[in-house]
Amino acid sequence: MPPAVSPNVVRELAAVVGAANVIVPGDERLVVFGTDWPGRVQQVPALVVRPGSTEEVCAVVRVLAREGLPIVPQGGNTGLCGGAVPSQPDREVVVSLARMRRILDVDTVANTMLVEAGCVLQQVQQAAAEAGRTFPLSLAAEGSCQVGGNVATNAGGVSVLRYGSIRSLVLGLEVVLADGTRLDMLSPLRKDNTGFDLKQLFIGSEGALGIVTQVSLALHPLPVETVTLMAAVESAGSAMAAFERIAGTFGARVVAFELLDAASVDAVVHHIPGARVPFEHATPFAVLVQLEDTLATSSLASQAEALVMQLLEDGICNDACVAQSGAQAQALWALRENITESLRGIGRVQKFDVSLPLRRIPQFLTELAPGLTREPSLRLFVFGHVGDGNLHVNVVAPTGTADSAVEFLDDLVYGLVSSHGGSFSAEHGIGQLKLGAMRRYKDGHQLRVMHLLKNALDPRGLLNPGKVLPA
Ligand code: FAD
Ligand code: 2HG
Ligand code: ZN
């Protein structure tokens with residue numbers, strides 16, 4: 001079979017980005033670019049191109065569009081739905097943003113930052129901190145994921161309660177369209193009602209409407225006081241009762257309110273050397289809470305300790321640990337942040353990233369457990385950003401389990417989610433792994449409008465085909 005990309009086109013692309021930045025068949029790195037983080041999807045790209053500037057992205061896209069070649073934008077490739085890797089082998093061109101990692105401007109008067117899309121999230125957090133500000137988006141993949149990928153997935157993470165998902169932190173965007181046009185929506189103005197707010201369309205569009213090349217971000221003041229605590233609770237109901245009290249008392253000072261079930265914590269303790277549970281007795285669930293304040297007028301720590309005492313007295317939690325140092329806080333966070341990594345090697349992991357109305361969460365979990373007993377080898381792990389209604393339900397089957405043995409899980413989990421008024425994808429998006437749920441559970445009228453938008457912006461369907469929108 002002839003290569004999908006002719007040698008002349010490879011030469012033309014090399015003339016744009018440099019020969020070292022075009023990875024061609026025969027180079028084993030192609031397999032890495034074609035494999036997603038969980039290892040669920042492996043589709044070797046026809047080519048990988050690594051542009052170093054917006055102008056190069058435009059030129060690359062123009063060549064690929066002329067040739068009718070499908071384009072897969074790729075950031076840090078930490079996505080969990082197979083969105084950043086091809087959906088068919090040897091035909092699609094991965095455009096990696098990894099070389100576009102310049103911090104272009106930090107403005108501490110307007111509290112904004114302009115970055116290239118390939119900046120790794122941690123790099124952006126560090127640059128903000130060096131300027132005496134915080135860029136508060138935070139997720140366990142922050143050492144690898146890129147701001148462009150965060151925008152394309154509308155990433156959430158652990159600080160959504162206080163700062164929202166990245167949509168709340170994006171002031172402007174630069175995007176390259178499917179025909180190579182550069183769309184400049186970068187203005188960081190906080191007020192601009194000149195017609196449709198087009199940048200919003202691209203946030204969460206998973207590379208199917210355009211390639212994000214630069215982002216204007218909102219910065220926030222650095223907190224002067226941070227409190228991290230973990231509490232042992234008997235049930236998801238008690239976790240929600242604790243949230244009601246904590247959010248009722250601390251309001252916008254609650255950054256994170258995370259749930260961890262015993263199985264998830266055990267997985268981390270077995271996987272991460274030195275990981276330790278801070279409680280005397282085993283507990284079915286724990287909640288991890290982070291509070292912060294930018295004013296040092298009152299002691300957040302003593303208020304948090306007083307509230308914890310109250311929760312213990314009222315029997316809402318059974319044990320608690322308020323971190324007394326940064327190292328202790330980090331150790332508590334390690335129990336949460338390492339769950340995904342700890343589950344990666346222990347079997348065939350089926351991931352569900354769902355959100356529910358908060359009051360329905362305990363009942364959802366009560367109804368979920370019996371449904372799983374149909375396949376006795378399955379193990380359930382539940383954790384997530386429960387304060388914003390987002391649960392990560394991971395079901396692990398022994399390695400080598402046939403797809404047919406776990407097929408019923410989609411119907412079970414999504415059926416329950418739907419019956420409780422929830423969403424089948426809270427923060428990870430659709431990619432190529434959630435298309436079935438999209439077809440079944442997304443409102444038909446909304447799907448039709450999404451197709452209209454896709455056809456308007458990418459009429460030949462070249463940007464990330466086989467993703468987000470079911471055929
Ligand atoms: P990629 O994986 O490279 O791409 C993701 C999607 O975005 C793909 O569809 C791709 O085509 C598109 N894309 C990437 N870059 C661009 C661009 N520049 N322009 C247009 N499209 C682009 N997610 C959360 O929301 N919250 C979490 O708490 C969280 N925790 C995680 C923890 C771990 C350990 C891991 C492995 C993942 C986690 N994720 C989480 C998922 C993932 O990290 C996020 O979705 C992240 O935003 C993806 O960024 P990325 O650069 O790796 O994107
Ligand atoms: C998290 O919150 C991520 O840790 C990953 O969103 C969730 O592994 C998962 O299911
Ligand atoms: Zn998450």
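# A walk around the predicted model

Start by selecting Leu177, which sits in the loop between β8 (170-176) and β9 (182-185). Before you zoom in, note that this is a predicted model, where local features need pLDDT of at least 70, side-chain atom pairs count only at pLDDT 80 or more, and totals for chains, interfaces and linings use all residues. Residues are numbered from 1 along each chain as its sequence is written, chains are lettered from A and ligands numbered from 1 in the order in which they are written, and side-chain values use heavy atoms, with hydrogens and water left out. The strand and helix names follow DSSP runs (H or I of at least four residues for helices, E of at least two for strands), numbered from the N terminus.

**Stop 1: around Leu177**

Is Leu177 buried or exposed? Leu177 counts as buried, at 13% relative accessibility. On this tour, buried means under 20% relative accessible area, exposed means over 50%, and partly exposed is in between (1.4 Å probe, protein chains only). Now show what touches Leu177: leaving aside residues up to four places away in sequence, you get Val61, Leu183, Phe202, Leu209 and Leu457. A contact here is heavy atoms within 4.5 Å.

**Stop 2**

Next, click on Glu206, in the loop between α7 (199-202) and β10. Glu206 is not a glycine, yet its phi is positive, about 55 degrees. Most residues other than glycine have a negative phi. Glu206 is also buried, at 12% relative accessibility.

Carry on to Gln214, in strand β10 (residues 211-218). Gln214 is buried too, with a relative accessible area of 12%. Its contacts, again without residues up to four places away in sequence, include Thr54, Leu104, Glu116, Gly172 and Leu186.

**Stop 2: a nonpolar patch**

Switch to a surface view and select Phe196, Leu198, Leu201, Val449, Leu452 and Leu453, which make a nonpolar surface patch of about 560 Å². Patches are made of residues with over 30% relative accessible area and no salt bridge; like charges are joined within 9 Å, and nonpolar side chains (Val, Leu, Ile, Met, Phe, Trp, Tyr) within 5 Å. The accessible areas come from the Shrake-Rupley method with a 1.4 Å probe, and for residues only the protein chains shown count as cover.

Which helix gives the most to the nonpolar patch? That is helix α17 (residues 444-457), with three residues. Leu453 lies in this helix α17, and Leu453 is partly exposed, with a relative accessible area of 33%.

**Stop 3**

Five residues from domain 2 and four residues from domain 4 take part in the contact. Together the two domains bury about 300 Å², 28% of it on carbon and sulfur atoms. Buried area is the accessible area (1.4 Å probe) that two parts lose on being put together, summed over both. How many salt bridges are there between domain 2 and domain 4? The count is zero.

**Stop 4: salt bridges**

For salt bridges, look across the whole structure, where a search finds 16. A salt bridge is a side-chain nitrogen of Lys or Arg within 4 Å of a carboxyl oxygen of Asp or Glu.

Select Arg66 and Glu12, whose closest N and O atoms are 2.8 Å apart in a salt bridge. Arg66 lies in helix α3 (residues 54-67) and Glu12 in helix α1 (residues 7-17), so the pair ties together parts that are 54 residues apart in sequence. Arg66 is partly exposed at 48%, and Glu12 is partly exposed at 32%.

Then go to Asp403 and Arg348, a salt bridge of 2.3 Å, N to O. Asp403 is in helix α14 (residues 403-406) and Arg348 in strand β16 (residues 348-355), so this pair ties together parts that are 55 residues apart in sequence. Arg348 counts as buried, at 16% relative accessibility.

**Last stop: Asn77**

Finish at Asn77, in the loop between β3 (71-74) and β4 (93-96). Asn77 has a positive phi, near 55 degrees, in a residue other than glycine. Asn77 is buried, with a relative accessible area of 14%.
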